[in-house]
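These are my notebook entries on one structure, kept in the order in which I looked things up. The sequence and coordinates come before the entries.

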Amino acid sequence: MPTQKNNTCPLYKKCGGCQLQNLTYEEQLEFKQKLEERLLSKFCKVEPIIGMDNPFHYRNKVQAAFGFDKKRNKIISGVYQSGTHRIVPVDSCLIEDKKADEIIVTIRNLMKDFKFQPYNEDTGRGFIRHVLVKRGFSTNQIMVVIVTGTPVFPAKNNFTKALLKKHPEITTIIHNVNPYRTNLVLGNQEKVLYGKGFIEDILCGLTFRISAKSFYQINPTQTEILYNTAIAYAQLTGKETFFDSYCGTGTIGLIAAGKANKVIGVELNRDAVKDAISNAKRNNVENIRFYCADATEFIMDLAHAKEHIDVVMMDPPRAGSTEEFLDAVVTLSPDRVVYVSCNPETLARDLAYITKKGYKVEKIQPVDMFPHTSHVETVVLMSRK
Ligand code: SAH
């Protein structure tokens, strides 16, 4: 076991969230570069990874699980030790937003005054289960989501007041109910206790709406670099039809829309699509349409309808894409495919498949979106042979 060189986080081993904290940041970048080269250099030269100038406190979204430490007879909040439901108490974390951490500690302290117990998954008793905080780094708007195991929020007005008194910077507070035995943090029931029920952030000059459930990149500084690289790879001149598959809240497509003729975005998560549509309105982008659909089915329909698409942007989840999706892309036959990947293993698998079907890899750019963790993001440009 290597010694901890950054010598920074006392929870490094217990928490498991920062797998690479035993390395200096330079060594981490080197490690990720080598990993990328091992998996991807067979397709094309891998550009040097783009790291962060300040690789700390970059996470704009922080969530904490609440529980009771019987030995110490006190309420704790923190992260689940990886692979377990045991809570590692965390009051401050090197990669999380400092303000978010402070708010979580405040809520834990307020629980005593309000006699709120943490929710116990086994007995179904107690109240507060998780707290989720999201902050728009550019707008400084802050959302606090209090997730409870039971639906009645006692003294909710007083609690909201007390929390706002300590943190007047909070712009919205949401009560989410999650009574299920599940690994998901959020349940389906949601009530706004204060503010608008969403926050906004600015990325690449556009304003985005972020709700409790919608996906939004957690490191906005590096996200701008990632998106700008991906859009530069698309080589838009203003004439193109740009297809943004797995589009989330529409970020990439909306940023690309100013440089393209027409943009189509497809996403499975209904809340994210709603946010995407409202993001288009908010930014007066008129040449974009969003659809709530399975990306594979949608692209197959486009291919069968013989639609012409110049660029397909794909940003799938960690599991990567599927052969069906890649086959549909090949049938659709766009000039360029830009693949944004958060998992180089599935990326390598997908590239091996699509390069046998008439596409060649032109450029590979790794971006370090998650310093201190083993994750690495990659942008790949492919063109039709
Ligand atoms: N491009 C966006 C989101 C990327 S995350 C951004 O940068 O913000 C991947 C997204 O793919 C998630 O929002 C997820 O809901 C969506 N997704 C997963 N499977 C999908 C499918 N089969 N069809 C369409 N979208 C899917």
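In which loop is glycine 205 found? I located glycine 205 in the loop between β8 (199-203) and β9 (206-210); helices (H or I, at least four residues) and strands (E, at least two) are DSSP runs, numbered from the N terminus. I worked on a predicted model, in which local features need pLDDT of at least 70, side-chain atom pairs count only at pLDDT 80 or more, and totals for chains, interfaces and linings use all residues. Residues are numbered from 1 along each chain as its sequence is written, and side-chain values use heavy atoms, with hydrogens and water left out.

**Entry 1: glycine 205**

I looked up the accessibility of glycine 205 and found 63%, which counts as exposed. The classes are buried for under 20% relative accessible area, exposed for over 50% and partly exposed in between (1.4 Å probe, protein chains only). I then took the C-alpha to C-alpha distance from glycine 205 to phenylalanine 298, which is 29 Å for residues 93 apart in sequence.

**Entry 2: aromatic pairs**

A pair of aromatic rings is described by the distance of the centres and the angle of the planes. My criterion was that rings of Phe, Tyr and Trp (its six-membered ring) pair if their centres lie within 6.5 Å, with planes under 30 degrees apart counted as stacked, over 60 as edge-to-face and the rest as tilted. Phenylalanine 116 is buried because its relative accessibility is 4%, and phenylalanine 127 is buried because its value is 5%.

I next examined tyrosine 246 and phenylalanine 325, whose rings form a tilted pair at 5.2 Å centre to centre, with 50 degrees between the planes. This pair links distant parts of the chain, 79 residues apart: tyrosine 246 is in the loop between β10 (241-245) and α6 (251-257), and phenylalanine 325 is in helix α9 (residues 323-332). Both tyrosine 246 and phenylalanine 325 are buried.

I also noted one aromatic cluster, formed by Phe114, Phe116, Phe127, Phe153 and Phe159. Separately, arginine 209 lies over the face of phenylalanine 198, 4.0 Å from the ring centre; the test requires NZ of Lys or CZ of Arg within 6 Å of the ring centre and within 35 degrees of the ring normal.

**Entry 3: the ligand**

Which residues come nearest to the ligand? Of the 16 residues around the ligand, these are Tyr227, Glu267, Asp294, Ala295 and Asp315, where near means that a heavy atom lies within 4 Å. I found a polar side-chain atom of tyrosine 227 at 2.6 Å from an oxygen atom of the ligand. Glutamate 267 likewise places a polar side-chain atom 2.6 Å from a ligand oxygen. For aspartate 294, an N or O atom of the side chain is 2.7 Å from a nitrogen atom of the ligand. The ligand taken alone exposes 570 Å², of which the protein buries 86% (Shrake-Rupley method, 1.4 Å probe; for residues, only the protein chains shown count as cover).

Tyrosine 227 is found in helix α5 (residues 220-234) and counts as buried because its relative accessibility is 3%. I recorded 8.1 Å between the C-alpha atoms of tyrosine 227 and cysteine 204, which are 23 residues apart along the chain.

**Entry 4: backbone angles**

Which phi value does asparagine 73 have? Although not a glycine, asparagine 73 has a positive phi of about 55 degrees. Asparagine 73 lies in the loop between β1 (61-69) and β2 (74-80) and is exposed, with a relative accessible area of 58%. Tyrosine 246 also shows a positive phi, near 55 degrees, but is buried, at 19%.

**Entry 5: polar contacts**

I counted as a polar contact a pair of N or O atoms within 3.5 Å; within protein, one must be able to donate a hydrogen and the other to accept it, and residues adjacent in sequence count only if both atoms are side-chain atoms. The side chains of threonine 378 and glutamate 36 are joined by such a contact of 2.9 Å. Threonine 378 is in strand β16 (residues 377-384) and is buried, with a relative accessible area of 0%. The side chain of glutamine 141 reaches the backbone nitrogen of glutamate 200 at 2.8 Å. I placed glutamine 141 in the loop between β4 and β5 (142-148), buried at 16%.
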